[in-house]
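Take a look at the model first, then work along.

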Amino acid sequence: MAVSLFYGAYIINAKNIFSERMGSFFSKPAALFSGLLKAGKLNKENQALRLENESFRARIQGLENSSDIFKQNGKYFYRRTDVYSTYPFNNRRYLTINAGSEDGIKPLMPVAVSEGVVVGQVIEVSSKYSLVRTIFDAGWELPVRIGAAGAGGLLIGGQPPKITLIGKDKEIQVGQPVVSSGINFPYGFRFGELAEVNEDTGNLFKQGELKLPYNFNELQAVLVVTNFP
Amino acid sequence: MRFLFLTAFVIFAALVQNTNFLVIAGIKPNLVLTNLIAASFFIESFWFYSLLLFFGVFLLQNMPGLNREILTLAGLLLSVFWLKKISPWQPLAASLIFIVGATALFYVFGGLTSALLPVLIWEIIYNVIVGAVIYLILREICSE
């Protein structure tokens with residue numbers, strides 16, 4: 001059993017690399033088809049977001065040319081890594097990334113999709129790759145704050161993630177940012193924004209859903225915060 | 001030749017399941033489950049089926065070692081191989097019924113929460129469609 005697991009690591013690594021290449025190969029015609037379908041529905045907001053993304057990509061690309069490690073505001077260090085494969089099942093609980101202990105990755109490091117936007121946390125580390133638990137894991141509960149007033153709530157993992165235990169007296173609005181306030185992630189790191197507030201009079205608390213600023217199925221690279229916790 | 005084709009088909013399905021190629025509205029079909037259930041109706045040898053099962057679930061592993069979902073999937077697919085011998089239905093119908101049951105049980109034993117119920121329903125629908133297509137393809141290939 002130990003021998004098979006030992007050799008299994010190399011085979012799984014090769015499988016992950018092959019899956020990543022195959023995913024990239026198949027994603028090109030799929031993206032073309034998807035783009036044609038969406039062409040009629042583009043609006044100014046999407047164009048502005050794409051321009052913003054392009055500027056971020058340009059900054060990241062420039063930094064990659066010199067180093068895989070860079071700072072944000074002199075406080076947190078990020079390491080850019082590729083997403084090897086998404087979870088093969090629909091609960092989307094995990095990602096596999098192609099950085100491991102040899103790259104300085106350790107368990108509990110936060111994982112972001114862009115600077116300050118969190119998607120999960122490293123939970124297992126191998127020598128060359130790591131497993132990331134995402135906020136879609138139904139068993140995960142994280143304290144959060146909503147909006148400028150900092151209304152407290154609890155983020156429950158799932159599809160989509162939900163925010164519960166929001167005080168009925170708290171003023172919250174759709175579109176307000178939802179940020180981390182617990183010990184798992186740097187304070188103020190963003191999960192997304194509030195969408196669809198439920199103020200059912202039968203409940204003691206308000207509830208809301210989390211709207212993500214990214215498409216999870218299109219993630220090809222993430223940033224690991226290497227100097228936290 | 002049929003053995004080679006079935007082996008390549010299962011391996012390819014497992015690799016594709018590790019990508020987002022067939023994701024529709026965030027739902028990914030369980031290609032290993034649908035493939036092996038459909039293939040079980042064209043395989044008599046338990047050892048060959050077990051070999052395909054090993055390839056399929058092993059290639060779904062993201063990390064060395066075994067987790068609950070992989071063990072659950074393997075157990076369900078082995079059960080289907082034996083249950084199909086006593087199923088009273090026509091093979092295509094039996095295949096689709098087993099796909100529905102195996103998908104549902106996979107979520108139950110894998111820790112279904114209310115948050116995943118909509119995902120389960122859509123995955124069952126997707127798996128049934130994919131399973132029917134795979135069964136018809138295998139019927140054409142394996143009947144030659």
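**Exercise 1.** Find which residues form one aromatic cluster.

*Solution.* The cluster consists of B:F41, B:F42, B:W89, B:F98 and B:Y135. Rings of Phe, Tyr and Trp (its six-membered ring) pair if their centres lie within 6.5 Å. This is a predicted model: local features need pLDDT of at least 70, side-chain atom pairs count only at pLDDT 80 or more, and totals for chains, interfaces and linings use all residues. Residues are numbered from 1 along each chain as its sequence is written, chains are lettered from A and ligands numbered from 1 in the order in which they are written, and side-chain values use heavy atoms, leaving out hydrogens and water.

**Exercise 2.** Classify the aromatic pair of B:F81 and B:W82 as stacked, tilted or edge-to-face.

*Solution.* Start with the distance: the centres are 5.4 Å apart. Next, the planes make an angle of 85°. Planes under 30 degrees apart count as stacked, over 60 as edge-to-face and the rest as tilted, so this pair is edge-to-face. Finally, check accessibility (buried is under 20% relative accessible area, exposed over 50%, partly exposed in between, with a 1.4 Å probe and protein chains only). B:F81 is buried at 0%, whereas B:W82 is partly exposed at 45%.

**Exercise 3.** Work out how the axes of helix α4 (residues 68-83) of chain B and helix α5 (residues 91-109) of chain B are oriented.

*Solution.* Helices are DSSP runs (H or I, at least four residues), numbered from the N terminus. The two axes, lines fitted to C-alpha atoms over the stretch in contact, come within 10 Å and cross at roughly 150°. Angles run from 0 to 180 degrees between N-to-C directions, and those over 145 count as roughly antiparallel, so α4(B) is roughly antiparallel to α5(B).

Terms used:
Helix = DSSP H or I, 4+ residues; strand = E, 2+ residues; numbered from the N terminus. Parallel < 35°, antiparallel > 145°, perpendicular 65-115°, else oblique.
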